[in-house]
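Student: I have a new model open and would like to go through it with you. Can we take it piece by piece?
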Amino acid sequence: MIEITNLTKSYDGQVVIKNCNAKIQDGSINGLVGENGAGKSTLLRLIAGVLKADSGSILLDGEEIFENPNAKSKIFFLADEPYFGKNAHIKDLTMLYSMFFDGFTAQEFKKNLIRYHVDIDKPLNSFSKGMRRKAYLAAALASHADIILIDEAFDGLDPYSRNEFKKDLIELIDRNPKTTVVIASHSLRELGDICDSYSLVDNGQISDDFVEAKNLHKVHVAFNDGGPADLSALRPLMVKRDGHFLVIVTDETEVRIRAFFSQYKPLMLDIVPLTVEEAFIYNKEREML
Amino acid sequence: MSKKYFKYLMKSFWPIATVYITLFAISLIAFPFVIDLFCVLLFRIRAIGFSSYMVAMGPFCIFLSGLLPLLMHTRYYSKNRSDVILSMPMNRSQAFITEGLFGLALITTLLVAGYAIGCGLCNALGNGYSALGTFEADLLGLPLLYLACVITFLSSTFAVSVANSGFQAVVMLLIVNALPGFLYSLVSGSFTSFSNLFSVFSNEAPNWLSQSEVFEKALMSAISYGSSPESLEMFGSAMIAFLCQFLFWGGMVVLAFFEFKKIKSENLGTVIPQRFGVVNSLTLMSMLSFALMTQLVMADICNGSSMYAYEFILFAFAYFLISVFYFVAIFIVRRKAKFRKDDWIRFAIAISAGIIVGVAMFGITRAITPSPSNYYYY
């Protein structure tokens, strides 16, 4: 388990991570979401031991990660734009990772690359952004590290490759139930398909399971006569009318929502959970209100 | 130190290291021939065979040692590279120590292999002199040169590693590179004088002077700055070495001031864009070589002679060759060098600035030279 306690990190006097606390359970896929510049990449770098925290601690199974080769040997970190040198080839990646990670298997890496249609003979700088990303993801999957941290996992990937990677990740967790994956991404729909939990990085703070914590509800409701004209009592974040149908997003409780609509005798009332993307957007809109 | 990381560096750097060593060896071979030809054609003097050759080659090697960390940092110490290397299972200090040791190994190989190949071929070609000058100068000078290179490399690595921004790094490089160049030139000049005097005493009066007296006289002569041409030469060479290094790194600071205003630095202190390292180095070297050559031409036109003429020639060519060296290295390593239009404009400005600086340097040299009798040719 990764335990983050009172973590603070600043750059040039600007606090990026502010007194954060979080726990990441073993054997799970965790989505790290947040706006641009919220501190997601910084948080991943801190967990990977690349950056030194100003204060606080990050423990992996009770061990401090920073400056601890033993703990770092269990963590595979894939940055948003890793740099391997101008003329680096796939063989250079294989050489680096197999030197440092005992569990890294060159054969599996090669197998992944072939499945992802990556040309293993060309230098990395001749690849497109998506192709390079696929090569790095193939390495991450072949690392067999206990903790896999991936920044911008789906950046540049085509829909087919996204799907393949998601399937591979789920398969990886099935095969190695102790493996923990943390993915920072703006592709919230993709995260929604694979993640067990989500953390929101916002204003230097992390909130666990923000989807549930924010208590947002999406309501599908239908009326004979178009329903109530005034919805202000529900403090809606989004209202969409389509004939007899009404869709609203609100942070009111389920009991209050049902109580409000029951007086208008709806033909149908359905309260559904929000997708990660919706939760993220409406949560932001609510903050801006 | 991390053995795994050292092995990785060895495997990833060997192509560029081979290119460097080969080019260094070629420079050592080509240097005397080109300078000699240049001097004979333009100034009707011969520059080869002087012990001060060593004094000129020293800053050339020190220069490479000082630039190596900068190039390593520009290529491998970027933020993204840190993401890769610093996430590997090793301590940060282990990574830096390994990189330092690797750099030292590279410098040792560069000097030893490059020097051995260069001198070996020089001698094989039958011109009878080694790249640093006399045999005594080689014996005394090579360990000294190696030490100066190691100190420069380590201090440069330290400067780049601890700096909080690229600008700071370059300012620190200015300090750590200019000083060893100056000290080396001064000390090696002393050694050269010592070795020359030793040869003279040994050959001409071995019977009536005891070895201790020889040593004492030689040492006293070497450390005293009288008005003899040799001590003037020694001090002049050291000053020129210092001036060149100072101008180069000083120019870097000025350019850094404009360049780094645009760049936000990561607190690892390792963000130096690749373009800065290579293109600006080339620009400044072009400026320096043209400044020194202009100084020479002016001296020849106005005086009919020039103080420390051969040192100027050697230094001008040293910096010119470094420029060529990096051009060739870029071409070989990258296969195709990509220079934009503004880079060529920058070079044109650098050459013009070099000519202006050269005229100014000539004026200063004339002003500070005590008497016309101190102008001489070798």
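Student: How many helices and strands does chain B have?
Tutor: Chain B has 11 helices and 0 strands, where helices (H or I, at least four residues) and strands (E, at least two) are DSSP runs numbered from the N terminus. Along the sequence the pattern reads α-α-α-α-α-α-α-α-α-α-α. This is a predicted model, in which local features need pLDDT of at least 70, side-chain atom pairs count only at pLDDT 80 or more, and totals for chains, interfaces and linings use all residues. Residues are numbered from 1 along each chain as its sequence is written, chains are lettered from A and ligands numbered from 1 in the order in which they are written, and side-chain values use heavy atoms, with hydrogens and water left out.

Student: What share of chain B counts as buried?
Tutor: Of its 378 residues, 58% count as buried. Buried means under 20% relative accessible area, exposed means over 50%, and partly exposed lies in between (1.4 Å probe, protein chains only). The accessible surface of chain B is about 15900 Å², and 72% of that belongs to carbon and sulfur atoms; such areas come from the Shrake-Rupley method with a 1.4 Å probe, and for residues only the protein chains shown count as cover.

Student: And the contacts in chain B, how many join residues at least 24 apart?
Tutor: The share is 83%, taken among contacts between residues at least 6 apart in sequence. Contact means heavy atoms within 4.5 Å.

Student: What is the average pLDDT of chain B?
Tutor: The average is 60, and 21% of the residues score at least 70; pLDDT is the predictor's confidence in each residue, from 0 to 100. Over residues 193-212 of chain B the pLDDT is below 50, and this stretch has 29 contacts in the model beyond near neighbours in sequence. Where pLDDT is low, the predicted coordinates should not be read in detail.

Student: Which helices of chain B have the lowest and highest confidence?
Tutor: Helix α7 (residues 211-223) of chain B is lowest, with a mean of 48, and helix α3 (residues 79-85) of chain B is highest, at 72. For the model, the scores are ipTM 0.81 and pTM 0.66.

Student: Let's pick one residue. Is T98(B) buried or exposed?
Tutor: T98(B) is buried, at a relative accessible area of 0%. T98(B) lies in helix α4 (residues 92-124) of chain B. Leaving out residues up to four places away in sequence, T98(B) touches M1(B), S2(B), Y5(B), F6(B) and L9(B).

Student: Now chain A. Which residues of helix α9 are buried?
Tutor: In helix α9 (residues 254-262) of chain A they are I257(A), F260(A) and F261(A). They are on the same side of α9(A) because they cover an arc of only 90° around the axis, the arc being that of the directions from the helix axis to the C-beta atoms.

Student: What do they pack against?
Tutor: The buried residues of α9(A) pack against β11 (217-222), β13 (245-250) and β14 (268-272) of chain A.

Student: Where is K265(A)?
Tutor: K265(A) is in the loop between α9 and β14 of chain A. K265(A) is exposed, with a relative accessible area of 68%. Its phi is near 45°, a positive value in a residue other than glycine.

Student: What about M268(A), where is that?
Tutor: M268(A) is in strand β14 of chain A, and is partly exposed at a relative accessible area of 34%.
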